[in-house]
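Dear colleague,

I am passing on the structure below, with notes on what turned up in it. Please look it over when you have time.

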Amino acid sequence: DYAIITLDTGGNIMSWNKAAEKIKGYSREEIIGKNFTIFYTEADIQKNTPFKNLELARKHGQHEDEGWRKKKDGALFWADIIFTPL
């Protein structure tokens with residue numbers, strides 16, 4: 001299963017597939033409109049990692065990152081993420 005999440009340019013979640021719901025634990029109703037930083041650890045947020053990833057994707061047409069991400073219940077999981085601007 002692959003989580004497919006569509007963000008606006010500010011990192012707000014616009015769409016969310018069933019695999020994303022299963023992996024991350026949020027229902028569509030709970031997550032639409034929230035900022036994608038909700039999935040990052042505090043350490044990554046302090047380093048501005050989420051927005052650096054978006055900027056690198058814009059600059060290069062795609063960016064891949066891996067690291068710890070948070071589920072709804074706070075549990076961490078290792079994720080390999082590919083950012084692709086549309």
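The count of aromatic pairs in this predicted model comes to six. One of them is W16 with F39, a stacked pair with 5.8 Å between centres and 15° between planes. W16 sits in strand β2 and F39 in the loop between α2 (28-31) and α3, 23 residues apart, so this pair links distant parts of the chain. W16 is buried, because its relative accessibility is 2% and the cut-off is under 20%. F39 is buried as well, at 4%. The charged end of K24 sits over the ring of F39, 4.2 Å from the ring centre.

F36 and F83 make an edge-to-face pair, 6.5 Å centre to centre and with 80° between planes. F36 is in the loop between α2 and α3 while F83 is in strand β4, so the pair ties together parts 47 residues apart in sequence. F36, Y40, F51 and F83 form one aromatic cluster.

The largest nonpolar core has eleven residues, among them W16, F36, F39, Y40, A57 and F83. β2 (13-16) and α4 (49-60) each supply at least two residues of this core.

On α4: the buried residues are T49, P50, N53, L54 and A57. Seen down the helix axis, they fall within an arc of 145°, so they line one face. They pack against β1 (5-7), α3 (42-46), β3 (63-70) and β4 (76-83). Leaving out residues up to four places away in sequence, A57 touches Q62, H63, F83 and P85. After α4 comes G61, with a positive phi near 85°.

Regards

Note on methods: Residues numbered from 1 in each chain as written. Predicted model: local features only at pLDDT ≥ 70, side-chain atom pairs only at ≥ 80, totals over all residues. Heavy atoms only, no water. Core = buried A, V, L, I, M, F, W, Y, C linked by side-chain atoms within 4.5 Å. Buried < 20%, exposed > 50% of the residue type's maximum accessible area, 1.4 Å probe, protein only. Helix = DSSP H or I, 4+ residues; strand = E, 2+ residues; numbered from the N terminus. Contact = heavy atoms within 4.5 Å. Arc of directions from axis to C-beta. Phe/Tyr/Trp six-rings, centres within 6.5 Å; stacked < 30°, edge-to-face > 60°. Lys NZ or Arg CZ within 6 Å of the ring centre and 35° of its normal.
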